[in-house]
Amino acid sequence: MISENFEDAFENIPVASKMDLKCALEECSMALNLFLNNKFSEALELLRPWSKDSMYHALGYSTILVMQAAMTFEQQDIQMGISTMKEALQTCQRFRKRSTVVESLSNLVSKQSVDQLSEEEMHAEICYAECLLQKAALTFVQDENMINFIKGGLKIRTSYQIYKECHQVLQMTQGSKSKNETYHQFEGGVNLGIGAFNLMLSLLPGRILRLLEFIGFSGNRELGLCQLREGASGSSLRAILCTFTLLVYHTYVSLILGTGEASLQEADRLLEPYLQKFPNGSIILFYAARIDILKGNFEKAQLRFQECIAAQQEWKQIHHLCYWELMWCYTFQQNWLQAYRYADLLSKESRWSKAIYVFQKAAILCMLPEDDLKRTGEDIVSLFRQVDGLKQRIAGKSIPTEKFAVRKARRYASSQPVKLILPALEMMYVWNGFAIVGQRADLTENLLVTIEKEETALQNETNRSEYYMDDVCMLQLLKGLCLKHLGRLMQAELCFSKVIQSEKQIKYDTYLVPFTLYELGLLYKKQDEREKAIRYIETAKNNYKEYSMESRLHFRIHAALDSLKVSPASTP
């Protein structure tokens, strides 16, 4: 990349008077190093002077603003991100070979047209596609109206087309063009685009793909991972973006939208060189801590998150990400007072999802002993009653996890509230937390004790509420998960079966049955009973509709069937 002493060199860089591709790539590389060293505004300052005249400056500058918008969720940041992206697109457009997309779609890729493409024009295509993709992502977040959603979808298609063409250009020029530094940068751009697209599309359940009408789009997960790995191992500007994409996939996506089988060895290996080079980089430290969590090293993760918080003060949103993770760390350990501290900080400081933060805070307070609760001075009932008014809409839809929180909080709406049973543990399941805490037998045992204590209290309840069976079944699901992770598979199977047998008596939490069928399927998978696993997971997929967090379960089902190697064609 750039020599290690780039920091001192930065002080006296004159603003260049002309900017060719090579200089632009060097400056962007410098800006990237500043960014990874927590010098966010300095990185922007370095890119700003040329952001209207150089495609790489434009792309880099707008990418940082888009990242900021995605983290703050502040309307003005989102607006700023979108308008800078528009400018970046115009800048890239000026360097592209043709002005009309239609023309370029039909003519771009033939041997002779590839030979006529200048190096600059090749890079303009890739930068344009990258800007388009980011702008589309922000459009989704920014506005409720469906027109924008469709516009966003079309932009994504155009972006995907350009990437596919650039990939063809790459294959055709593999032998011919001199393999100089800028060619490798182009290659990195193709790796990132083709990789991210294939990975993203491979996660989507068939029905969502059909909904988006991505004709001719099919994501090949292996191809996606392979392209990203290739990009991450290179030395291009996009190497770090390929690395981050793989890290997000291994440390978040595969857990929340998958079966929870993350490749932590790969995540470690990818992060290691960056930890060496940027030992105080807050984004790097954040991933290191997240990997510790997934390994079950919660105590080590807690220290790393504190380092990450101390590393910089400029982007507070990174602190918020740490608070969220710390809240779960303490939840896994059932250290409810500390978990409350972080939930409280989030509900006061972060804009991401007030409804979830307030629900989470109230849910954690439910777990505290009476005396501790009094000392916090909080009122659980009034917190739950605030949740409904805090929900937001994205791309015209409310967020599934928020809808779930609102639905659960309704039990406190009437003048005689019916208390929720272990809501913090139920939320932990929603975020697939049992798959994480399951690494630690000691903590899983402790959770089991908490669940069984609640189970006994519920059975001894003389005055049963209308939610009684829902609560019983929810506890059975959570208990089954603990037992599964403790290796007591027969008992786990019994718990899951109880939920499924009680289907007719569940009044409100209808999500319990399809989710339990899925968990039972995973349990059979664990015991190598493949046919049975597929049968239960398919039942969850095909026989249930209109329940909470349905799309999240469909993502997980898609991942599970994929791991059982079932081709989606066989299902209606």
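Hi everyone. Let me start with a word we'll need: a residue is buried if its relative accessible area is under 20%, exposed if it is over 50%, and partly exposed in between, using a 1.4 Å probe and protein chains only. What we have here is a predicted model, where local features need pLDDT of at least 70 and side-chain atom pairs count only at pLDDT 80 or more, while totals for chains, interfaces and linings use all residues. Residues are numbered from 1 along each chain as its sequence is written, and side-chain values use heavy atoms, leaving out hydrogens and water.

Let's begin with Tyr-340. Is it buried or exposed? Tyr-340 is buried, at a relative accessible area of 11%. You'll find Tyr-340 in helix 18, residues 336-349; helices here are DSSP runs of H or I with at least four residues, numbered from the N terminus. Setting aside neighbours within four places in sequence, Tyr-340 is in contact with Lys-361, Ile-364, Leu-365, Thr-376 and Glu-378, where contact means heavy atoms within 4.5 Å. With Glu-378 there is also a side-chain to side-chain polar contact at 2.6 Å. That term means a pair of N or O atoms within 3.5 Å; within protein, one must be able to donate a hydrogen and the other to accept it, and residues adjacent in sequence count only if both atoms are side-chain atoms.

Glu-378 turns up again in a network of salt bridges, together with Asp-344, Lys-348 and Lys-361. A salt bridge here is a side-chain nitrogen of Lys or Arg within 4 Å of a carboxyl oxygen of Asp or Glu. How many salt bridges does that rule give? The count is 29.

One of them joins Asp-292 and Arg-304, with the closest N and O atoms 3.1 Å apart. Asp-292 sits in helix 15 and Arg-304 in helix 16, so the pair ties together parts 12 residues apart in sequence. Asp-292 is buried at 2% relative accessible area, whereas Arg-304 is partly exposed at 21%.

Another links Glu-455 to Lys-479, again with the closest N and O atoms 3.1 Å apart. Here helix 25 holds Glu-455 and helix 26 holds Lys-479, so this pair ties together parts 24 residues apart in sequence. Both residues are buried.

In soluble globular proteins, nonpolar side chains tend to be buried together. Of the 198 residues in the largest core, Tyr-56, Phe-359, Leu-425 and Phe-434 touch the most other members. Helix 13 gives the most to this core, with 11 residues. By definition, such a core is a set of buried Ala, Val, Leu, Ile, Met, Phe, Trp, Tyr and Cys residues joined through side-chain atoms within 4.5 Å.

Methods. Helices (H or I, at least four residues) and strands (E, at least two) are DSSP runs, numbered from the N terminus.
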